[in-house]
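Please read them with the coordinates open.

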Amino acid sequence: MANLSLRALTKAYAQTEVLHGINLDVEDGEFIVFVGPSGCGKSTTLRMIAGLEEVTSGEVVIGDRVVNHLEPKERDIAMVFQNYAIYPHMSVKKNIAFGLRSSKMSKQDKETRIDEVAGILDMTHLLDRKPAQLSGGQRQRVAIGRAMVRDPAVFLFDEPLSNLDAQLRTQMRLEIKKLHQRVGNTIIFVTHDQVEAMTMADRIVIMKDGHIQQVGTPSEVYHSPANAFVAQFIGAPSMNMLPGRLNGAGVRLESGLQVVTTHVSATNQDVLLGVRPDDLTLDQSGQMLVTGQVTVREPLGAETLIYVATESGEVIAKADGRSPPDVGTHVRLSADPANVHLFDADNGAALA
Ligand SMILES: Nc1ncnc2c1ncn2[C@@H]1O[C@H](COP(=O)(O)OP(=O)(O)O)[C@@H](O)[C@H]1O
Ligand SMILES: [Mg+2]
């Protein structure tokens, strides 16, 4: 096991730079999730850590070695991809053993190690089967097993759950998390799915356009997003953004409504007032933020999402699942001022 550092890492393809100086320190045993929209540079970063992609500038450090010039197999890492390639003609056991093909372990030690890994993954009874006789989740576990047998310092996962159906994805998410709790290796896991990031990570790295936007625990990035992008990327449905202007007393929304905010006393600054659907209530316990007409309802069971047409655009709120307001109803939505976020309208930065 080992810690890992990325230092001012950049990547350019021909003349186009796609990663613009990535800095990150990962602690030994941490579960780190890289999350961001497609094309933001997650896979490229992971592939540079793995040694599958050349580093343009900067350093990848694993343990206390700069590994930029080491071959993938010399880096003490193992990678699991989205299209996990397990061999259909080989048994589960042979597939897992494949991870040890270049190991100098004795045959007996290999056997012991494979049994150990099969035990951890609960696959001992499946070792003689062929992949065709396995479920999708079991196949995914074989791919993980093949990475695990080498007991790598760092596990790299690139969207390994994206091809699975929703139910299996949830199940595998839990399995990988439990596995990490048991084995304790350092994990770097890439996904575009913010729910996967929130549920699995010790810390989340949110990326956009080749830049890190924020690094923090799930609670930090959810409750204290560094900017409007993070605020809207993490959490579903997305945080509502109401345009307004600071005027010393708080924010004057475009709708004309004056909102008192607990923080920020600057004046004459255009801002976005952010409020999560979960924090907008129909009862008038908080401070009134918007009024409008319910246009759509989405029942989720315990709660119902309501889409409300307001002067500040469409706003999403959560209503009680049993007695949500009807479509066409005029509603007043309020929020506790403590749950309101403010962002600079120009650059999106969170205002303290
Ligand atoms: N081999 C390549 N040649 C040129 N551009 C590439 C290559 N691989 C990736 N890119 C570009 O680099 C950026 C980051 O890609 P990638 O790391 O795959 O994103 P992600 O995994 O976050 O979806 C994208 O703009 C992509 O088009
Ligand atoms: Mg990718």
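1. The buried residues of α5 pack against several elements: the strands β3 (31–35), β7 (154–158) and β8 (186–191), together with the helices α3 (107–120), α4 (136–148) and α6 (194–200). Bear in mind throughout that this is a predicted model.

2. Which residues of α5 are buried? They are Leu168, Met172, Arg173, Ile176, Leu179 and His180. These residues sit on the same side of α5, because the arc they cover around the axis is only 145°. An α-helix has 3.6 residues a turn, so residues three or four places apart point the same way. The face of α5 turned away from the buried side carries Gln167, Gln181 and Arg182, which are exposed.

3. On geometry, α5 runs over residues 166–183 and has 18 residues. From its first C-alpha to its last it reaches 26 Å, close to the 26 Å expected at 1.5 Å a residue. Gly184 follows α5 and has a positive phi, near 75°.

4. Arg113, Ile114, Val117 and Ala118 are buried in α3. Seen down the axis, these buried residues fall within an arc of 135°, so they line one face of α3. The cover over them includes α2 (92–97) and α4. Just after α3, Asp122 takes a positive phi of about 60°.

5. Is Phe189 buried or exposed? Phe189 is buried, because its relative accessible area is 0%, against a cut-off of under 20% for the term. Leaving aside neighbours within four places in sequence, Phe189 is in contact with Phe31, Ile32, Val33, Phe34, Phe157, Pro160, Leu161, Ile176, Glu196 and Met200. The C-alpha atoms of Phe189 and Ala201 are separated by 8.4 Å, the two residues being twelve apart along the chain.

6. Turning to the ligand: which residues surround ligand 1? They are Tyr13, Val18, Pro37, Ser38, Gly39, Cys40, Gly41, Lys42, Ser43 and Thr44. Helix α1 (residues 42–50) gives the largest share of this shell, three residues.

7. The polar contacts of ligand 1 can be listed by residue. For Gly41, a polar backbone atom is 3.0 Å from an oxygen atom of ligand 1. For Lys42, an N or O atom of the side chain is 2.9 Å from an oxygen atom of the ligand. For Ser43, a polar side-chain atom lies 2.8 Å from an oxygen atom of the ligand. On its own, ligand 1 has 560 Å² of accessible area, of which the protein covers 56%.

8. Thr45 also lies in helix α1. Thr45 counts as buried because its relative accessible area is 0%. With neighbours within four places in sequence left aside, Thr45 is in contact with Leu6, Leu19, Phe34 and Met207.

Definitions and conventions: Residues are numbered from 1 along each chain as its sequence is written. Chains are lettered from A and ligands numbered from 1 in the order in which they are written. This is a predicted model: local features need pLDDT of at least 70, side-chain atom pairs count only at pLDDT 80 or more; totals for chains, interfaces and linings use all residues. Side-chain values use heavy atoms; hydrogens and water are left out. Helices (H or I, at least four residues) and strands (E, at least two) are DSSP runs, numbered from the N terminus. The expected span of a helix is 1.5 Å times one less than its number of residues. Buried means under 20% relative accessible area, exposed over 50%, partly exposed in between (1.4 Å probe, protein chains only). The arc is that of the directions from the helix axis to the C-beta atoms. Contact means heavy atoms within 4.5 Å. A residue is near a molecule or strand if one of its heavy atoms lies within 4 Å of it. A polar contact is a pair of N or O atoms within 3.5 Å; within protein, one must be able to donate a hydrogen and the other to accept it, and residues adjacent in sequence count only if both atoms are side-chain atoms. Accessible areas come from the Shrake-Rupley method with a 1.4 Å probe; for residues, only the protein chains shown count as cover.
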